[in-house]
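Take a walk through this structure with me. We go from rings to helices, then to the core and the loops.

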Amino acid sequence: GTRCFSLAGADVLFEALATGAAQPIALPLTDRSSDQEAAEAQLAALTARGIKEQIGEFTTNHAAGESRVINIHRIADLVRGHVIEPGTAFSVNNFVGPRTTAKGFVSGGVIENLVFSSSVGGGISPFATTLFNAAFFGGLDYDTYQSHSIYITRYPYGREATLSFPSPDLIIRNTTPYPVYIWTEYTDNSITVSLWSTRYATGA
């Protein structure tokens, strides 16, 4: 296909707005074949390494419109596309680092000393629990995780995790001989994490 997202297209559009063009304007189009070729090359490289099928997936629903949704989406964006190499561990805290406004996080709800409070980057436990369960069904292992100090009914009992910085952390270990590719997707009221690799073990 083609696309019109280019600086040249923006120049044409702004010029038409500035001059009050009364007629339709033609935006310059570019061929997207190079994008397709790059995507196919990346897919081939991943498949050659053993990343060829979904090994685990989980979805967690949450309320829409709350500030924490921004944080859930932000951490999902940061983690999306990371590869856990065979025999290595993935620490969410080491990878993402402190949750700050400079990184796009906002204030959200947290539980501190059994009291509900708020802090920048708070409210990302739906992401933590979703990643935890995707890893569980994918047959991966855990070096570190911590359940909530107060049980929250939307999470599977005994299969949930919380996150804060610098702790508690969620550390997943890839004990398989294949790389594991993390993919995240979300809507206004849900977060989904899927793991891709070659099936080796299962948590079912």
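Rings of Phe, Tyr and Trp (its six-membered ring) pair if their centres lie within 6.5 Å; planes under 30 degrees apart count as stacked, over 60 as edge-to-face and the rest as tilted. This is a predicted model, in which local features need pLDDT of at least 70, side-chain atom pairs count only at pLDDT 80 or more, and totals for chains, interfaces and linings use all residues. Residues are numbered from 1 along each chain as its sequence is written, and side-chain values use heavy atoms, with hydrogens and water left out.

Start with the rings. The structure holds eight aromatic pairs. In one of them, Phe136 and Phe137 have ring centres 5.1 Å apart and planes at 85 degrees, so this pair is edge-to-face. Phe58 joins these two residues in a cluster linked by ring pairs. How accessible is Phe136? It is partly exposed, at 27% relative accessible area. Phe137 is also partly exposed, at 27%. Here buried means under 20% relative accessible area, exposed over 50%, and partly exposed in between (1.4 Å probe, protein chains only).

Another ring meets a charge. The charged end of Arg80 sits over the ring of Trp183, 5.5 Å from its centre. The cut-offs are these: NZ of Lys or CZ of Arg must be within 6 Å of the ring centre and within 35 degrees of the ring normal.

Now the helices. Helices (H or I, at least four residues) and strands (E, at least two) are DSSP runs, numbered from the N terminus. The expected span of a helix is 1.5 Å times one less than its number of residues. Helix α1 covers residues 7-19. Its 13 residues should span 18 Å, and the end C-alpha atoms are 18 Å apart, which agrees. Gly20 follows α1 with a positive phi, near 65 degrees. Ala21 is in the loop between α1 and β2 (30-31). Ala21 is partly exposed, at 44% relative accessibility. From Ala21 to Gln42 is 21 residues in sequence, and 42 Å in space from C-alpha to C-alpha.

Helix α3 (67-79) comes next in our tour. Its 13 residues should span 18 Å; the end C-alpha atoms are 19 Å apart, which agrees. Buried residues of α3 include Arg68, Asn71, His73 and Ile75. Just after α3, Gly81 has a positive phi of about 95 degrees. His82 is in the loop between α3 and β4 (83-84). Contact means heavy atoms within 4.5 Å.

Move on to the core. A nonpolar core is a set of buried Ala, Val, Leu, Ile, Met, Phe, Trp, Tyr and Cys residues joined through side-chain atoms within 4.5 Å. The largest one has 29 residues. Ile75, Val92, Phe127, Leu131, Leu163, Leu170 and Leu195 touch the most other members. Elements that give two or more residues to this core include β3 (53-61), α3, α5 (125-137) and β11. Helix α5 gives the most, with six residues. Follow Leu131 in particular. Beyond four places in sequence, Leu131 touches Phe90, Val92, Leu170, Ile172, Val193 and Leu195.

Strand β11 (residues 190-197) also holds Ser194. Ser194 is buried, at 3% relative accessibility. The side chains of Ser194 and Trp196 make a polar contact (3.2 Å). A polar contact is a pair of N or O atoms within 3.5 Å; within protein, one must be able to donate a hydrogen and the other to accept it, and residues adjacent in sequence count only if both atoms are side-chain atoms.

End with the loops. One runs from Phe165 to Pro166, with omega near 5 degrees. Another runs from Ser167 to Pro168, with omega near 0 degrees.

Thr176 is in the loop between β9 (171-173) and β10. Is Thr176 buried or exposed? At 6% relative accessibility, Thr176 counts as buried. Its side chain makes a polar contact with the side chain of Asn174 (2.8 Å). A polar atom of the Thr176 side chain also lies 3.0 Å from the backbone oxygen of Tyr178.
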